[in-house]
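With the model open in your viewer, please follow this tour stop by stop, making each selection before reading on.

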Amino acid sequence: MSRDTGTADPTFGADRAARGELGADIRSLDVFSGLKRERAARRIPHPVMPPLERLRALRRPLAQMGKRRAMSYRTDGHPPEGDQFNFELCVHQFVDDAYLAVNEAPSLDADVSLRRLLFRLDDSEIPFWKAYVIKKARDASCRKIASLISENYVLADQLGFDPDDTPSHTTLSRHWRYDDDMETAVDELALRARYAALWTDADFPQSLRDDGWGQDVVLDSELELNEKMTAIQHLAEEAIGVMAPHLSFGRDPDAPAFKLSPTAFIAFFAHLALEGSYANTGQRTMEWLDLPSPVPNADTVQKYIRDITVEDVDQMFAHATTALLRQEVETNPNDPLREALEPPLHLAYDTTKVPWYGKEAAEWTSGILPRDNTASAWVFGVLSVVGREMSYILGVLPLRQASEVGDHLNRFLRRVIGTYELAVERVYLDSEMYTEKAVTTLRNANVDYLIQAKDVGDISDLLDAAEAETAPTDDVSELAQAEDTEAVNDLLDTADPKIKTIETVSFGDFSEATKPSAFTRPIPPEEVGARNRSRKHEAFLTDMDLEANDLEQLGREFRKRWGVETSIRQAKRRFHAKCKSGKPSARAFYFMMAAVLYNISQYVDNRLEERLHVEDIEWTGEELLHAIREVDPEKVPDWGEVYDPEDDAGWSSVREV
């Protein structure tokens, strides 16, 4: 039988003999061109490749891709005569191109080599075998297939029959007597051919449409759990594929001793977070689950962590985050990640405490109110995107002492602008950052800012003046207690709430000639905690033009700052593994891994609806951790370097550790 392996394939659009065996995604398929093909098409796999179990959960993205291709691109992969999207021709082309025209045909899930099976057949038997695959894919009778072949000249010719003398149904039936291995292989090929028909926007027969097949039928169907979980895992693999190389503890992947990939460590920390386990216990339970990822030895993990510094951890996170943010933004203007990061981008900076149950005098820990057998905590500075549905954490570092909070902000902003290359419009900070260092840092970064001012000095005088001229607060308070929000807003609108301003604010030993300004804003009675505040106004420090801006609107927008607390809460409660180490680098690494897992969740959330063509998908952090834990490092796509860490080589150290 003829097997031409050196000719160009019209469906895949390249000489497969030069490419070797088919890969794990469709970057090489000629669906798009250049980088658009690389970025837009890579995670919609051609049905020849993934295991059937996964392929069954890919119906929706395959159908979606078929619809998109039909709208913008008409493939020439089918014969020029007749209907290009004829289902039977599509099945034939899938078999012919995916399994017969390649040098190394992939084995089937049935643990049989299709090529080995086919070499049992004479060349004259191949047309009957192809017709049998079409029969199974179409779920049709012998008579129906015989009729289709006799009525469709192109199909008969493509299969290898004489179009003027096609076989009868009895002749077809007589040739369709195969052993169990061949039957199993045909059944699988037929099923894969249906998915290929979705992928190419083929016109499914009505009988199959009635059985749930066809682009519109699939896209209109109810989302199934396995579809959702498969999409979540694919998206997590995308993020891991570009982040993992930068989380290798500086190990050389080409070294003989390099056995565990960074992906295995990410899966391990996802398991620890999911199970709420320490490393030793987590190792044992992960081994018991028999997951596809190799399980790192807990002692090995601790050894790697002991050998790194806080500075190393910071750079690992910076490099991994840069890769995640750059992989799509630079190359695909239509990617959802660009929407999540396009200007005007607002950030918020805050600190958070992770309780410490060890020795109170441990290095880098800070005192807190005694609670739950702890009177100390590790304090972290965190910078996050806010005001968007996707709120990536852009910086996270532990503080050796409270005075470093401004230094961390400076470092994070330099990285966001210089390395992440994000255009930041505004930064929000709470009263903890009401410092000269913060103002100087924000000015040097050339970004607008709002800092919640402390009730001291000039700010106290400003608040006193605002409250002396307040609108009828007694009436407002009475309505607020009655939870009549609409009436409260109406009263405030008609009462002309007083916003007081001051052009120059003196605080601390701030020595710059140009001092910041400040303004007050009435605290809305419906705001959380408003009733418990001693003041009915709040004040904000800023360099923005007080006359050119709607100060009431600016005050409302400051509420976006709460987004950083949401990011921190999720990272700590859902993605942070248990850690009992008293070493600063270990605490930094564990929180960094929580931020990595959290950022993967944002990446997934930013794409899941588009990937599945479904609105308002509900999913949880637990589902994401399950998906990451199931990731096989061998199947994580290698999409090449999207970021070179040498670009970050000029960074100065945070500190000497």
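Begin by selecting Phe249, Phe265, Phe268, Phe269, Tyr304, Phe589 and Tyr590, whose side chains are linked by ring pairs into a cluster. Bear in mind throughout that what you have on screen is a predicted model.

Select Tyr132 and Trp176, which form a tilted pair with 5.1 Å from centre to centre and 35 degrees between the planes. This pair links distant parts of the chain, since Tyr132 belongs to helix H7 (residues 126–138) and Trp176 to the loop between helix H10 (169–175) and helix H11 (180–199), 44 residues apart. Tyr132 and Trp176 are both buried.

Now select Trp356 and Trp378, whose ring centres are 5.6 Å apart and whose planes stand at 75 degrees, so this pair is edge-to-face. Here the distant parts of the chain that are linked are strand S1 (residues 345–356), which holds Trp356, and strand S3 (residues 374–386), which holds Trp378, 22 residues apart.

Select Arg59 together with Trp213, and you will find the arginine over the face of the tryptophan, at 5.4 Å from the ring centre. Then move to Lys580 and Tyr278, where the charged end of the lysine sits over the tyrosine ring, 5.1 Å from its centre.

The next selection is helix H27, residues 584–612. Its 29 residues, at 1.5 Å a residue, should span 42 Å, and because its end C-alpha atoms are 42 Å apart, the model agrees with that expectation. Of the 29 residues of H27, 26 are buried, so the helix is largely enclosed by the rest of the structure. Step on to His613, which follows H27 and has a positive phi, near 60 degrees.

Most residues other than glycine have a negative phi, and most peptide bonds are trans. Select Asp201, where phi is positive and near 60 degrees; this residue is found in the loop between H11 and helix H12 (206–209). With a relative accessible area of 17%, Asp201 is buried, because the cut-off for that class is under 20%. Glu421 likewise has a positive phi near 60 degrees, and lies in the loop between helix H20 (405–418) and strand S5 (424–429). Its relative accessible area is 49%, so Glu421 counts as partly exposed.

For the peptide bond, select Pro343 and Pro344, which are joined in the cis form with omega at about 0 degrees. Pro344 is found in the loop between helix H19 (336–341) and S1.

Select Lys303 and Asp307, whose side chains meet at 3.2 Å, N to O. Lys303, at 42% relative accessibility, counts as partly exposed, whereas Asp307, at 54%, counts as exposed.

Which residue forms a salt bridge with Asp314? Its partner is Arg411, and the closest N and O atoms are 2.6 Å apart. Asp314 lies in helix H18 (residues 310–329) and Arg411 in helix H20, so the pair ties together parts that are 97 residues apart in sequence. Both Asp314 and Arg411 are buried.

Next, select Arg561 and Asp430, a salt bridge whose closest N and O atoms are 4.0 Å apart. Because Arg561 lies in the loop between helix H25 (551–557) and helix H26 (562–574), and Asp430 in the loop between S5 and helix H21 (436–444), the pair ties together parts 131 residues apart in sequence. Arg561 and Asp430 are both buried.

Finish by selecting Arg521, Glu538, Glu552, Arg556 and Arg559, which are linked in a network of salt bridges.

Definitions and conventions:
Residues numbered from 1 in each chain as written. Predicted model: local features only at pLDDT ≥ 70, side-chain atom pairs only at ≥ 80, totals over all residues. Heavy atoms only, no water. Helix = DSSP H or I, 4+ residues; strand = E, 2+ residues; numbered from the N terminus. Expected span 1.5 Å × (residues − 1). Buried < 20%, exposed > 50% of the residue type's maximum accessible area, 1.4 Å probe, protein only. Phe/Tyr/Trp six-rings, centres within 6.5 Å; stacked < 30°, edge-to-face > 60°. Lys NZ or Arg CZ within 6 Å of the ring centre and 35° of its normal.
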